[in-house]
Amino acid sequence: MKPSFEMVFSGVQMRRYEPSPRARGAAAAAAIVGTLISNDLHLLLLAWLGILLPLTIAGGIARQHMKFVTVFLGPVTAALLLVWGWMVAAPPGMPVGSSPEEGLSFGCMVALRLTVLGGVIQLCFLTISPEQLIATVRCWGLRGEGLVIVAGTLALGPELRLRSDQVLTARYARGLVPNRSFSNRLRQLPFLLRPLLAWVLRSAIQRSEIWHQRGLLARLQTLPVEPCAGSSTGSAFFVFLAFSWLVYNIATRVSG
Amino acid sequence: MTAEKREGLTGEWLGNLESSRVAVLEGNNFSGRTELLRELTGLVNQGQARPQAWAAVPRLAYVGPELYNSISGLAPTVRHELQLHLVEELKYSPLAEVIDSLGISPLFGRNPFTLSGGEQACLAITCALSIKPFILAIDCALEQIAPSLKMKLLDYLGDDRFSKTSTLIADNRLREWAKSDSRTKLSVNNQRFPKRRLRFDPIDSSVDLGIQHFSPYCLRLDSLSFRYPQGPTVLRNVAADLEPGTLYFLEGRNGAGKSTLAKLLCGALRPDSGLILANGNQSHPWKQPGQVVGYHFQNPDLQLFSTSVEQEVKAGPVALGLRGQECVARCRSVMAAFGISHISSEHPLDLPFVIRKRVALAATVAMGRPWLILDEPMLGQDNASAEAIARIITQLVDSGTGVIAISHSTWLHQRFPAKIIRLEDGLLSQ
């Protein structure tokens, strides 16, 4: 059935169990603090494998999360283990070479904290549906230039991906890439950067003209967005989970 | 026209605009239409200061040929883009009907940048109308919209419900779809604007391109299907026999999948199922892209990579193995034909849109592939240039090249013999 104008424009299409922007922000803050003060290696591992991974799968961002883990955290973890387990061979505050096991354990702890932190941040931002994006950011109290920057950046991400894809497509279409081998694709990177940079500069100038001409920046501040709605079940679930994590870690710290 | 608008407009323009709410600017490329439209909507032209008179005019809108830059880039969905522009509640606005009839409603949940060229044009113009501008300038954007929608849009622009908006249109193909158009015509000459740094030569279709295909290259599409990940099916069991040395004219509404079909043929995309046969043998354009079919994009900026026009034109032939004198001669003749020889050392992205389009077209033609797909080859070109480009296309067809032209302009196939193929609901009919 063709969606009618009124049907689509009158209501926001939300994902099931999408938490409200306030609950999302509060849960993310609690989870981040809880992770930063956590010093239980096994618990961090359990939180990542048992809670974050299933949530990233349910939120449809498992692929992005695994990419983050393998591309970014993999080399960082290797470097941390190398430095604390072998080169310094001791955790911070202890003499160099005094305890390679504890150094290794410290390296693992930092790597796991980064993994959980990354997962929490990805879960917090990447699962916001495009329909809820501006409402969420405004609900978090962002106004003025900050709102413009965040809205522009969040809208720019998909556009940048799209443009890179289009430029690569154009190179294929003009026969400038003989075949699709990995090395050939890798060689396209420098050629990708020039048109992208030129596009960014040209777009920045032309768009800022349009913003100024149509008074869009002022409109963004007063945009009649939908209220900070969300699923109450989803909100309660995420807030409960994050605050339990925070309270448990505070309790563990206090009890020593 | 309101009093505050009068302060901004001067001389002949004021008198002409008062008589009609929709006025058409007539003129050739480089006659100063773009500069005039930009000036009238308060934008800065090269070498000019910001027009102070416009400070008092609250709402002006310009939609240029680079449509993606007429989209704000601040909104994650089409719905937000419209909301960002609307100055009154939509259910009380005449715009609701425009949005529905231009087919924008089903696109509400999509990112504006993922729309096709025609869809982006409809969205950009609708958004510009949403701010209830006193002056709306549409510069070549209508050329990218399907004729039926163009007529609807033009009717809306002249509608009493938009009586506070004066619309100025620069459109090179206007006459072909509005033959008995009685709207005010304003002719433009470039005397009002400072001289350009560069001179732009006309296209010379009499130059021999030096491209000849002695062996015919038949293309057969057998049950070709394609859908974008997480998107609808674009092509369903498409089948066609395409003869070499023939000009085909691919028609279809905005977003019908014309560009997708072109990308499948040149190897930029891989079909989900089906075969592409070249001279009866199975061809795999996905594995060796651009070898049989060359593709000229609707948006020239996507396919310009080099630091000079000459390098840009040479890149394709060199990548496909052409060397020495043959390569130099072909590139020279192609550049001469498209009137870009004298700007061969210029950076392509420093040139105006019309010339960038020509450079991109020359770069595709210089590849010398047996088949060419030209997406909106006349975009932004005035009648004389479009005529010359059409003659170059017929020269290519005579040399054995198969050409598939994708265009909303009917001018090309009305004047030159072409076979029409139509893409509708994912199916191709010949």
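Phe297(B) touches residues of both chains in this predicted model. Leaving out residues up to four places away in sequence, its contacts in chain A are Thr169(A), Ala170(A) and Ala173(A), and those in chain B are Lys263(B), Leu302(B), Gln303(B), Lys357(B) and Asp375(B). Phe297(B) sits in the loop between β11 (293-296) and α10 (309-319) of chain B. The relative accessibility of Phe297(B) is 4%, so the residue counts as buried. Thr364(B) is 67 residues away from Phe297(B) along the chain, and the C-alpha atoms of the two are separated by 9.2 Å.

Chain A contributes 55 residues to the contact and chain B contributes 73 residues. The size of an interface is often given as the accessible area lost when the parts come together. For chain A and chain B the buried area is about 5,400 Å², with 58% of it on carbon and sulfur atoms.

The rule finds 3 salt bridges between chain A and chain B. In one salt bridge, the side chain of Arg174(A) meets that of Glu312(B) at 2.6 Å, N to O. On the side of chain A that touches chain B, at least two residues each come from α1 (5-10), α6 (133-139), α7 (144-173), α9 (189-214) and α10 (216-222) of chain A. By class, that side of chain A holds 31 nonpolar, 10 polar and 14 charged residues.

The side chain of Thr77(B) makes a polar contact of 2.8 Å with the side chain of His80(B).

The nonpolar cores come next. The largest nonpolar core has 79 residues, of which Ile104(B) and Leu261(B) touch the most other members. Helix α6 (residues 117-130) of chain B gives the most to this core, with 8 residues. Not counting residues up to four places away in sequence, Ile104(B) touches Val78(B), Leu82(B), Ile99(B), Cys122(B), Leu123(B) and Thr126(B). Apart from this core lies another, of 47 residues, including Cys331(B), Ala360(B), Val365(B) and Leu396(B).

Technical notes: Residues numbered from 1 in each chain as written. Chains lettered and ligands numbered in written order. Predicted model: local features only at pLDDT ≥ 70, side-chain atom pairs only at ≥ 80, totals over all residues. Heavy atoms only, no water. Contact = heavy atoms within 4.5 Å. Buried area = accessible area lost by both parts, 1.4 Å probe. Salt bridge = Lys/Arg side-chain N within 4 Å of Asp/Glu carboxyl O. Helix = DSSP H or I, 4+ residues; strand = E, 2+ residues; numbered from the N terminus. Nonpolar A, V, L, I, M, F, W, Y, C, P; charged D, E, K, R; others polar. Polar contact = N/O pair within 3.5 Å; in protein donor to acceptor, adjacent residues only side chain to side chain. Core = buried A, V, L, I, M, F, W, Y, C linked by side-chain atoms within 4.5 Å. Buried < 20%, exposed > 50% of the residue type's maximum accessible area, 1.4 Å probe, protein only.
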